[in-house]
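Here are my notes for your first look at this model. Keep the 3D view open and work through the points in order.

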Amino acid sequence: MEFKKRILVTGGAGFIGSHLVRLFVNKYPDYQIINFDKLTYAGNLENLRDVENAPNYVFVKGDIVSISDVQAAFETHGITDVIHLAAESHVDRSIEGPMDFVLTNVVGTVNLLQTSKDFWKGSDHVFHHVSTDEVYGSLGVEGFFTEKTPFDPRSPYSASKASSDHFVSAFFHTYGLPIKMSNCSNNYGSHHFPEKLIPLMILNIQNNKPLPVYGKGENIRDWLWVEDHVRAIDVIFHTGKIGESYTIGGLNEWTNIDLVHFLCRMMDEKLGREIGTSEKLITYVTDRKGHDLRYAIDASKLENELGWKPSIAFDEGLNRTVDWYLANQEWIEKVTSGAYQKYYSNMYSDR
Ligand code: NAD
Ligand code: TYD
């Protein structure tokens, strides 16, 4: 079959990437989706079992840091577009060791940009770079990030993502590469690796383990349902303006401690425990170094110009997320065996 587009989705086996791949494979049978992923600890082909036999889906194991892996994928599959999600994504890991973040997030992104520039002739292409609101730094109690907020990254993770964003922008201004960018707030949903706050708390509540809240739990995050993020990427990829960036968020701010209490109550009900049981597991631990206080997004450009808005309320999304984790023990066992145990004890044992 002659496909209308052959889209390289990097990081398609990760949390957000797998949701995006599933959406595109099902919604666009006339596109071929080439999932290019190194399968690090965060990448799991189990996330895509339901689409792996689709006629418009291909998996390629490759490393974006290797220019030859990237070039081979472009040549073999005649790549027409890129949606770039591959990254080292966890702030705590970036504090322990920044270099993998520089390699994958910066060098890997430049390899993809360079290969796209060399490979593409004409203008009928899109390089969509998926990034984070953390590039804008930290807010005080008031205000919101918009596309115009100056970059002020503070963690090695956000510094590496900001750097990659600057390279994407530089390739547009310098070479005219047809890029689009999006910067999204914190996502939650199924298939989220349990090193991040929400899935880690769900698993620990289920297993009656301590719930490690950093500092006083007063830091604020703006949580968005992962399906709404990938719908936004779909809209921006198809109708966003070339050379522009879009901030994505759900106007859904929570302090970490309120969110953990909310999850405890929800899970006590689902697990048939007396209300108040799981809250006793909350344990305040040493704060993250350089912990950003607050993130919040004003997504009005995306809403007004492209007509996107979040589709579900937070309690509905969180209910679905908890139900998914409770129903998918096999997935949890797979991703938390071996290396995860070591990570967990390194990160939390003497905190
Ligand atoms: P994730 O850690 O769950 O998945 C990352 C994926 O990238 C994994 O499948 C991994 O195997 C792959 N990968 C890592 N290094 C690679 C390399 N060198 N070559 C090829 N593949 C590699 O991350 P996520 O949470 O799904 O985030 C995806 C993207 O969205 C990232 O760019 C992240 O910065 C951005 N983002 C995430 C959030 C969030 O809340 N999770 C919010 C905004 C933006
Ligand atoms: P995280 O899910 O790592 O996302 P990010 O740091 O990219 O926002 O963390 C979300 C918030 O939860 C952040 O303020 C740090 C806090 N946190 C905890 O309090 N305890 C934990 O065990 C983790 C992983 C995070």
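1. In which hand does H1 pass H7? The crossing is right-handed. Bear in mind that the model is a predicted one.

2. Now find the two helices. H1 covers residues 15–27, and H7 covers residues 226–239. Their axes come within 9 Å and cross at roughly 60°. An angle under 35 degrees would count as roughly parallel, and one from 65 to 115 as roughly perpendicular. H1 and H7 are therefore oblique to each other.

3. Look at the side chains next. H1 brings Phe15, Ile16, His19, Leu20, Leu23, Phe24 and Lys27 to the contact. H7 answers with Val226, Glu227, His229, Val230, Arg231, Ile233, Asp234, Phe237 and His238. Sorted by type, the residues of this contact are 9 nonpolar, 3 polar and 4 charged.

4. In H1, Ile16 takes part in the contact with H7.

5. Zoom in on ligand 1. The side chain of aspartate 37 has an N or O atom 2.6 Å from an oxygen atom of the ligand. Lysine 38 uses its backbone instead: an N or O atom there lies 3.1 Å from a nitrogen atom of ligand 1. Leucine 39 has a polar backbone atom 3.5 Å from an oxygen atom of ligand 1.

6. Move to ligand 2. It has 18 residues around it. The nearest are Glu134, Arg221, Arg288, His291 and Tyr348. Arginine 221 places a polar side-chain atom 2.7 Å from an oxygen atom of ligand 2. For tyrosine 348, a side-chain N or O atom is 2.7 Å from an oxygen atom of the ligand.

7. H8 spans residues 256–270 and H10 spans residues 314–327. The axes come within 11 Å and cross at roughly 55°. H8 and H10 are therefore oblique to each other. H8 passes H10 in a right-handed crossing. On the H8 side, the contact is made by Leu259, Phe262, Leu263, Met266, Met267 and Lys270. On the H10 side, it is made by Phe314, Asp315, Leu318, Asn319, Val322, Asp323 and Leu326. The residues of this contact divide into 9 nonpolar, 1 polar and 3 charged.

Methods:
Residues numbered from 1 in each chain as written. Chains lettered and ligands numbered in written order. Predicted model: local features only at pLDDT ≥ 70, side-chain atom pairs only at ≥ 80, totals over all residues. Heavy atoms only, no water. Axes fitted to C-alpha atoms, helices over the stretch in contact; angles between N-to-C directions. Helix = DSSP H or I, 4+ residues; strand = E, 2+ residues; numbered from the N terminus. Parallel < 35°, antiparallel > 145°, perpendicular 65-115°, else oblique. Left-handed = near helix turned anticlockwise from the far one by under 90°. Contact = heavy atoms within 4.5 Å. Nonpolar A, V, L, I, M, F, W, Y, C, P; charged D, E, K, R; others polar. Polar contact = N/O pair within 3.5 Å; in protein donor to acceptor, adjacent residues only side chain to side chain. Near = heavy atom within 4 Å.
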